[in-house]
Amino acid sequence: MKLGGRRESTNVDDRRRSGGAKAGMGIGGVLLIAAITYFTSGGNLGQAINAGFQAATSSGTTTTQSYTPTAQEEELAKFTSQILAGTEDVWTDQFQKMGKTYHAPKLVMFHGAVNSACGSASSSTGPFYCSGDQTVYIDLEFFTTMKAQFGTAGDFAYAYVIAHEVGHHVQNELGILGQAHQQMSRSSKTQSNQISVRLELQADFLAGVWAFQDNKMFNSLEAGDIDEGLAIAARIGDDYLQKQAQGYAVPETFNHGTSEQRSRWLKKGATGAGISEANKAFELPYEQL
């Protein structure tokens, strides 16, 4: 991506140097517990990250350590701030066209662990959006982990991750997230998972809309950027992750969508579909998503 001269967001809260909780269980254990909880809790991220973190801290002593970011991480911090600023510019413009006002989210950069209105989280759970405090949380080491675990990286792949979480904030601003959560609370586990899939695919679509509009505003995309995003989207589909973890997929437990679905909805937004098309994530029969 071409970000030279682009502004950085003023809505960033950098908590990295204050350190984070280091639990005796280790990052792998937290990831495993959080993943199991996430797949069995109907996509309740707050519950998943809290369970993983609490299990880790209860299995060993917890200490707080100071942290000094590397030069590479500082570059990622600047990049993240610029991408967040880009989402602010795009969504402010898009909301104005709808006759609405966009209230930008905050973004917290942390290292190790963090407290949010959705509960305590460790870095191993990855980036997440908490509607309770309208904030995106991210440990920048996730990008290094993403490259190691999924074998794909690149600045647009990283931007997609950020834009997806901001997409959940857009849903929150439009009232979609709250309505969906209310429906999930009244639904069976299978139905709740399906609503979660619709939310996640819509957030992928909104990330694509951001990319398309950001490029129109700033000529920010380079050859291969969209392919980077599609590659990572394909590696975070429920079917792919479940097969990697247990050797087989259980469709009724999907709460983010398949690799094919996630890639397709991201591409739909990134190739020019208007924001009104986002409604189809909830209008189409589930089998046609």
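In strand 6, which residue is the bridge partner of Val114? In this predicted model, the partner is Ala121. The pair belongs to two strands that run antiparallel, strand 5 (residues 113-116) and strand 6 (residues 119-122). Four bridges join them. The link between strand 5 and strand 6 is a hairpin of two residues.

A separate description covers the open sheet. Four strands form this sheet, in the order 1-4-8-7. Their pairing is mixed. Strands of a sheet pair through backbone hydrogen bonds, either parallel or antiparallel. Strand 1 (12-14) and strand 7 (128-130) stand at the edges. Each has a single partner strand, so one side of each is left without a neighbour in the sheet. From one strand to the next, the twist averages 25 degrees.

Strand 4 (residues 106-109) pairs with strand 8 (residues 135-138). The sense is parallel, and the pairing extends over four bridges. Helix 5 (residues 155-173) lies across strand 4, strand 7 and strand 8. Relative to strand 7, helix 5 runs at about 20 degrees.

Attention turns next to a tryptophan. Trp210 lies in helix 7 (residues 189-218). Its relative accessibility is 1%. Buried means under 20%, so Trp210 counts as buried. Which residues does Trp210 touch, not counting those up to four places away in sequence? Met1, Ile83, Gly86, Thr87, Val90 and Trp91 are among them. Phe156, Ala159 and Ala163 complete the list. Trp210 and Gln94 are 116 residues apart in sequence. In space, C-alpha to C-alpha, Trp210 and Gln94 are 9.5 Å apart.

An α-helix has 3.6 residues a turn, so residues three or four places apart point the same way. Just after helix 9 comes Gly247, which takes a positive phi of about 90 degrees.

Conventions. Residues numbered from 1 in each chain as written. Predicted model: local features only at pLDDT ≥ 70, side-chain atom pairs only at ≥ 80, totals over all residues. Heavy atoms only, no water. Pairing = 2+ DSSP bridges. Axes fitted to C-alpha atoms, helices over the stretch in contact; angles between N-to-C directions. Contact = heavy atoms within 4.5 Å. Buried < 20%, exposed > 50% of the residue type's maximum accessible area, 1.4 Å probe, protein only.
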